[in-house]
Amino acid sequence: MGPEVQQPSERTSDQLKYLDRQTVQWLEKKPSKTDAVKRPELAPTWADLTRTRTFYSHIRLSPKSKISKWALHAFPSERVCQLAQPRPYATGWQPELPLPTPVSRASLSAVASPRTCKLAQPKKRHPDPDPGYLVGSRPMTHLTSSRISMLAIPRAEHPKYERPRSACWPVSVSARNYVPSQRLLELACPRIRKDVYDGYDPFVVSHAALCTNPSPRTLQLSVPLPRKCTPKASTRRI
């Protein structure tokens with residue numbers, strides 16, 4: 001077999017080896033009783049992962065750091081001097097105005113026009129009208145026409161219209177002294193229906209249905225259609 005087949009067929013090595021554990025995989029040598037108290041062995045990779053990670057413990061106590069003598073006597077290159085120059089402002093950039101903004105002498109000595117003075121006045125708000133003024137106001141007869149007055153009249157009710165009956169109405173003397181008949185009492189009782197487990201048979205035909213006589217129309221509808229009748233049955237009987 002080639003290495004491509006031989007290598008996957010080999011058993012993977014156990015990273016954690018317990019000498020006191022008997023499993024189906026470790027049958028090369030049965031562990032003895034003295035090996036049962038030994039500590040487990042970790043692989044080098046696992047042992048490296050269990051170590052505490054060391055962090056950078058140097059803490060700068062002062063913002064001033066020491067400068068080496070090589071940095072003190074160093075000479076910057078032309079590229080470093082070019083990058084050290086401040087970036088120029090964009091074209092058209094203007095510095096912000098100082099606060100408070102100074103007012104020019106021409107603005108201080110300017111005279112406003114009548115239109116400017118009118119626009120500078122605050123907008124007048126109409127106060128709410130007096131409620132008594134609306135009640136005693138006169139009708140606007142000069143804006144109403146005969147057609148509008150006719151349309152403003154509410155529609156009359158139909159002569160045969162009956163208003164909803166009141167929930168409480170008087171009962172007549174004849175209704176209070178009425179005696180129902182035996183048939184009315186029989187119809188007023190609820191119909192009692194039995195369930196199947198109580199002896200009710202839904203397939204029982206009543207005596208009235210057995211004694212009834214069908215009408216000619218019922219007999220005509222009970223006969224199958226001629227187009228559905230085949231002559232095979234008649235030929236077999238012959």
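What follows is a short exchange on how features of this predicted model get their labels.

Me: What are the ground rules for numbering and confidence?
Reply: Residues are numbered from 1 along each chain as its sequence is written, and side-chain values use heavy atoms, with hydrogens and water left out. As this is a predicted model, local features need pLDDT of at least 70 and side-chain atom pairs count only at pLDDT 80 or more, while totals for chains, interfaces and linings use all residues.

Me: How do you know how many helices and strands the chain has?
Reply: They are DSSP runs, numbered from the N terminus: helices are H or I over at least four residues, strands are E over at least two. The chain holds 13 helices and two strands.

Me: Why is the pair of Tyr89 and Trp93 called stacked?
Reply: Rings of Phe, Tyr and Trp (its six-membered ring) pair if their centres lie within 6.5 Å; planes under 30 degrees apart count as stacked, over 60 as edge-to-face and the rest as tilted. The structure holds one aromatic pair. The ring centres of Tyr89 and Trp93 are 4.2 Å apart and the planes are at 5°, so the pair is stacked.

Me: What makes Tyr89 exposed? What does Trp93 count as?
Reply: Buried means under 20% relative accessible area, exposed over 50%, partly exposed in between (1.4 Å probe, protein chains only). Tyr89 has 65%, so Tyr89 is exposed. Trp93 has 48%, so Trp93 is partly exposed. Of the 238 residues of the chain, 1% count as buried.

Me: Which residue lies over the face of Trp169?
Reply: Arg165 does, at 3.9 Å from the ring centre. The rule asks for NZ of Lys or CZ of Arg within 6 Å of the ring centre and within 35 degrees of the ring normal.

Me: What makes the contact of Glu157 and Arg163 a salt bridge?
Reply: The term needs a side-chain nitrogen of Lys or Arg within 4 Å of a carboxyl oxygen of Asp or Glu. Glu157 and Arg163 meet at 2.6 Å, N to O, so the contact qualifies. Glu157 is partly exposed at 48%, and Arg163 is exposed at 58%.

Me: How many salt bridges does this rule give?
Reply: Three. Among them is Arg51 with Asp48, at 4.0 Å, N to O. Arg51 is exposed at 62%, whereas Asp48 is partly exposed at 49%.

Me: Why are Glu186 and Arg183 separated by about one helical turn?
Reply: They are three residues apart in helix H10 (residues 182-188), hence the spacing. Glu186 counts as exposed at 51%.
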